[in-house]
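Please read them with the structure open beside you.

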Amino acid sequence: MKFMKLGSRPDTFYTTEAVRSVSSEISSDLIVQVKGSRYMLHKFPLLSKCLRLQRLCSEFRDSSQPQIVQLPDFPGGVEAFELCAKFCYGITITLSAFNIVSARCAAEYLQMTEDVEKGNLIYKLEVFFNSCILNGWKDSIVTLQTTKSYHLWSEDLGITSRCIEAIASRVLSHPSKVNLSHSYSRRGRDDLSSCNGTENQSQRHRPTSKGWWGEDIAELSIDLYWRTIVAIKSGGKVPSKLIGDALKIYASRWLPNISKDGTVMKYSASADPDSDSVVEITSKHRLLLESIVSLLPAEKGAVSSSFLLKLLKAANIFKASSSSKMDLARRVGIQLEEATVNDLLIPSLSYTNDTLYDVDIVMIILEQFMLQGQSPPTTPPRIKGSFEKRRSRSAENVDFEFQESRRSSSASHSSKLRVAKLVDGYLQEIARDVNLPLSKIIALAETVPDFARLDHDDLYRAIDIYLKAHPDLSKSERKRLCRILDCKKLSVEACMHAAQNELLPLRVVVQVLFFEQARAAMAGGQVTELPSNIKALLATHNVDPSRPLAPLSSTTTVTAEDQWSISGLKSPKSRLSTLRMKLAEDDDLEENDIHSDGIGRSSKLKALCSIPTRPKRMFSKLWSINRSASEKN
């Protein structure tokens with residue numbers, strides 16, 4: 001850091017009974033009171049350089065008594081006043097980035113201008129500020145930090161704006177051209193060097209990275225940081241990724257840690273959330289968060305989805321504005337495929353519902369994601385032309401644009417596949433919430449398009465978890481929930497579990513049993529061709545029984561209580577017993593449910609099931625074929 005010394009006389013100030021005086025053979029004729037402190041000084045050295053003191057003393061008529069001057073609103077306090085007084089006496093003073101702002105404001109208050117005396121303090125301070133402070137990286141940052149204590153004075157004198165411009169110009173310069181010290185927050189305090197001296201050569205030529213400035217400016221207060229980042233972004237030379245990295249450093253430096261359940265780690269556990277101190281801290285963090293959100297680059301990928309979702313969690317806790325939340329949700333939706341299930345578990349702190357997680361904001365994120373990516377043309381446009389052997393430049397450009405379009409489509413399709421897995425994993429987590437309404441989990445599941453789910457194993461697991469956590473669901477509600485499940489996309493393991501799942505509606509169990517048997521008959525190689533009636537039924541559901549489904553997979557860690565047990569499902573007898581149990585269960589549940597016409601629903605169901613006996617015959621025929629084939633072998 002740079003410093004400057006002014007004056008040559010030794011320090012002769014001393015304190016006696018709380019009064020500061022100067023050792024001199026001449027008695028004091030001027031008493032200056034600055035914020036409770038009293039100085040016994042002399043008129044001649046001070047009035048010769050301070051125009052304000054000249055005007056105040058000119059109003060005093062009695063010259064026989066020491067004149068008393070009150071300076072209650074003096075900027076910088078007693079330290080800054082004493083520095084100016086020592087300059088008037090010619091006593092040596094040392095100026096640096098730590099005290100130049102207070103000295104400059106004090107000199108402006110005392111009107112120590114060139115009109116009073118050539119080479120006055122204001123002139124010397126401006127020369128040092130422009131030639132040394134603004135040309136130093138650390139000096140500019142430290143000086144900018146000290147302007148907080150003299151906000152109005154610093155703004156009027158242009159100190160704040162000039163420091164911000166100097167910092168931005170250093171960032172916009174290539175690191176190899178910045179021959180000043182940097183990364184001071186990591187290295188600690190640098191050795192002081194004079195304004196005309198040289199800095200440590202090892203520090204000057206130290207290798208630098210592109211984002212070396214992010215951690216250094218993270219020490220600034222949010223208002224100064226906001227203005228500095230805006231100045232850096234307006235230069236247009238710094239990549240948005242580096243801007244995002246700098247914002248992440250700043251957020252981790254000033255925002256409190258947030259746990260999964262939404263509690264703020266840095267707050268005291270015993271603190272009253274309604275106390276004035278907590279309210280003040282929350283308001284401060286809200287302002288900081290909203291400022292960071294307003295600085296986020298518009299480009300996709302400038303910051304990670306994980307960081308955006310952490311900001312969204314903080315926005316819920318600190319009750320940030322709805323515009324900030326929607327902006328974050330929009331940004332997350334653009335790059336949702338990068339997120340994880342834990343990232344999406346945003347605590348719900350709303351008083352209108354009792355759910356553990358904010359499902360509504362996740363729905364908004366999903367809707368924003370689904371708006372991305374329009375399908376490009378599947379074939380390149382035809383070019384009419386002559387029978388030239390060599391392809392024209394325009395034809396090559398068209399093919400190139402087509403390939404880029406297909407690549408974009410492929411990326412969009414793959415991202416939707418990843419998001420489908422993400423959503424199913426998220427559904428498994430929120431399904432454990434006993435206060436989660438059925439409508440929300442259904443709406444969330446239906447947001448994913450059908451083609452994005454290659455298999456429905458994870459979705460089935462989420463349904464199973466929800467049914468276990470909500471045992472009071474009515475039969476109609478269970479049917480409504482299971483409508484989102486496609487039994488044709490269940491793996492063998494999932495089918496074996498669903499076949500004995502007593503929480504599923506009867507219709508779902510029958511479908512699972514049928515498609516499992518049909519697929520097993522073809523995949524086992526025991527029959528060369530399915531009966532025509534089964535093939536016709538499979539064709540109505542667009543099922544190819546010879547195609548094996550994807551293996552069971554999951555995006556989340558499943559607890560032991562949610563693991564599937566498939567013991568006892570190897571024989572058709574267990575499937576038949578499960579089906580009989582389901583039929584008996586439906587009879588028990590509906591025996592008292594009578595319509596207005598007096599006919600019970602159970603009797604209607606039995607009548608309906610007794611008419612089309614073909615499914616039973618198909619099952620028995622299929623099992624008999626399997627048995628006969630095994631006996632021949």
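**Notes on the predicted model**

1. Ala18 is exposed, with a relative accessible area of 67%; exposed means over 50%, buried under 20%, and partly exposed in between, with a 1.4 Å probe and protein chains only. This residue lies in the loop between E2 and E3. The phi of Ala18 is near 65°, a positive value in a residue other than glycine. Glu17 is placed in the loop between strand E2 (13–16) and strand E3 (19–22). Glu17 also has a positive phi, of about 50°, although it is not a glycine. Glu17 is exposed, at a relative accessible area of 76%.

2. On the basis of the values: this is a predicted model, in which local features need pLDDT of at least 70 and side-chain atom pairs count only at pLDDT 80 or more, while totals for chains, interfaces and linings use all residues. Residues are numbered from 1 along each chain as its sequence is written, and side-chain values use heavy atoms, with hydrogens and water left out.

3. The protein chain has 27 helices and eight strands. Helices (H or I, at least four residues) and strands (E, at least two) are DSSP runs, numbered from the N terminus. Of the 633 residues of the protein chain, 45% count as buried. Contact here means heavy atoms within 4.5 Å. Among contacts between residues at least 6 apart in sequence, 74% join residues at least 24 apart.

4. How many disulfides does the structure hold? It holds zero, a disulfide being a pair of cysteine sulfur atoms within 2.5 Å. For Cys57, the closest cysteine sulfur is in Cys50, and at 9.9 Å it is too far for a bond. Cys57 counts as buried because its relative accessibility is 8%. For Cys495, the closest cysteine sulfur is that of Cys487, and 7.2 Å is too far for a bond. Cys495 counts as buried, at 1% relative accessibility.

5. Helix H4 (100–110) is mostly covered, with 10 of its 11 residues buried. Its buried residues include Arg104, Ser102, Cys105 and Tyr109. After H4 comes Gln111, whose phi is positive, near 60°.

6. In H5, the buried residues are Leu121, Ile122, Leu125, Glu126, Phe128, Phe129, Cys132 and Ile133. Their cover includes strand E1 (2–6), helix H3 (77–89), strand E7 (93–96), helix H4, helix H6 (137–146) and H8.

7. Helix H5 (residues 121–133) packs with helix H8 (residues 159–172) at an angle of about 20°, the axes being 11 Å apart. Axes are lines fitted to C-alpha atoms, for helices over the stretch in contact, and angles run from 0 to 180 degrees between N-to-C directions. H5 and H8 are therefore roughly parallel to each other; angles under 35 degrees count as roughly parallel, over 145 as roughly antiparallel, 65 to 115 as roughly perpendicular and the rest as oblique. The crossing of H5 past H8 is right-handed, a crossing being right-handed if the near helix is turned clockwise from the far one by less than a right angle, and left-handed if anticlockwise. Glu126, Phe129 and Asn130 in H5 meet Ile159, Arg162 and Cys163 in H8. By class, this contact has three nonpolar, one polar and two charged residues. Ala, Val, Leu, Ile, Met, Phe, Trp, Tyr, Cys and Pro count as nonpolar, Asp, Glu, Lys and Arg as charged, and the others, Gly among them, as polar.

8. H8 also packs with helix H11 (residues 222–235), at an angle of about 45° and with the axes 9 Å apart. That makes H8 oblique to H11. H8 passes H11 in a right-handed crossing. The H8 residues that meet H11 include Ile164, Ile167, Ala168 and Val171, and those of H11 include Leu224, Arg227, Ala231 and Ile232. By class, the contact of H8 with H11 has eight nonpolar, four polar and one charged residues.

9. Pro297 is in the loop between helix H13 (276–295) and helix H14 (305–317). Is Pro297 buried or exposed? Pro297 counts as buried, because its relative accessibility is 5%. Leaving out residues up to four places away in sequence, Pro297 touches Lys233, Ser240, Ile243, Gly244, Leu247, Ala302 and Arg331. Pro297 and Lys233 are 64 residues apart along the chain, and their C-alpha atoms are separated by 8.8 Å.
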